[in-house]
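Subject: Handing over a structure, with notes

Dear colleague,

I am passing a structure on to you, together with some notes on what was found in it. Please have it open beside you as you read.

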Amino acid sequence: MAQDPKFTAKETAQIGWYIGRMAKRGIAGENVYQGDLERKVERIIDGAREREARQAADAAAAEKAAHKTAAKAKTRK
């Protein structure tokens, strides 16, 4: 399994809420359907992974632009 991303406060609260609901359903019995809540948690985790990848790409692009600007400034001197 892939490494879990760092979650925002909102994502942590949502996952906690859904896990609490799963626990409550678990108390009701073993045969209670929890697939809907499991999908919601997976969707939050997938969204966090996408957010981290997008932030990493943005940071790399910003760093590349900074190096390009620094190189231009260096050649103009």
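How many of the 77 residues of the protein, as a percentage, count as buried? The share that counts as buried is 17%, where buried means under 20% relative accessible area, exposed means over 50%, and partly exposed lies in between, with a 1.4 Å probe and protein chains only.

Please keep in mind that this is a predicted model, in which local features need pLDDT of at least 70 and side-chain atom pairs count only at pLDDT 80 or more, while totals for chains, interfaces and linings use all residues. Residues are numbered from 1 along each chain as its sequence is written, and side-chain values use heavy atoms, with hydrogens and water left out.

The overall form

The protein has two helices and zero strands, these being DSSP runs numbered from the N terminus (H or I and at least four residues for helices, E and at least two for strands). With a radius of gyration of 21 Å, well over the 11 Å that the globule rule gives for 77 residues, the protein is more spread out than a compact globule; the radius is taken over C-alpha atoms, and the rule is 2.2 Å times the number of residues to the power 0.38. The C-alpha trace spans about 75 × 20 × 15 Å along its principal axes. If we take contacts (heavy atoms within 4.5 Å) between residues at least 6 apart in sequence, 59% of them join residues at least 24 apart.

Residues before and within the helices

P5 sits in the segment before α1 and is buried, with a relative accessible area of 7%. Not counting residues up to four places away in sequence, P5 touches I45, A48, R49 and E52. From P5 to H67 there are 62 residues in sequence and 28 Å in space, C-alpha to C-alpha.

R51 belongs to helix α2, which covers residues 35-76, and R51 is buried too, at a relative accessible area of 15%. Its side chain reaches the backbone oxygen of K6 at 2.9 Å. Once neighbours within four places in sequence are left aside, R51 is in contact with K6, F7, T8 and E11.

A57 also has its place in helix α2, but this residue is partly exposed, with a relative accessible area of 45%. Although A57 and G26 are 31 residues apart in sequence, they lie 40 Å apart in space, C-alpha to C-alpha.

The loop between the helices

Where is Q34 found? Q34 is in the loop between α1 (9-28) and α2, and at 17% relative accessibility Q34 counts as buried. Leaving aside neighbours within four places in sequence, Q34 is in contact with M22, R25 and G26.

Notes
Polar contact = N/O pair within 3.5 Å; in protein donor to acceptor, adjacent residues only side chain to side chain.
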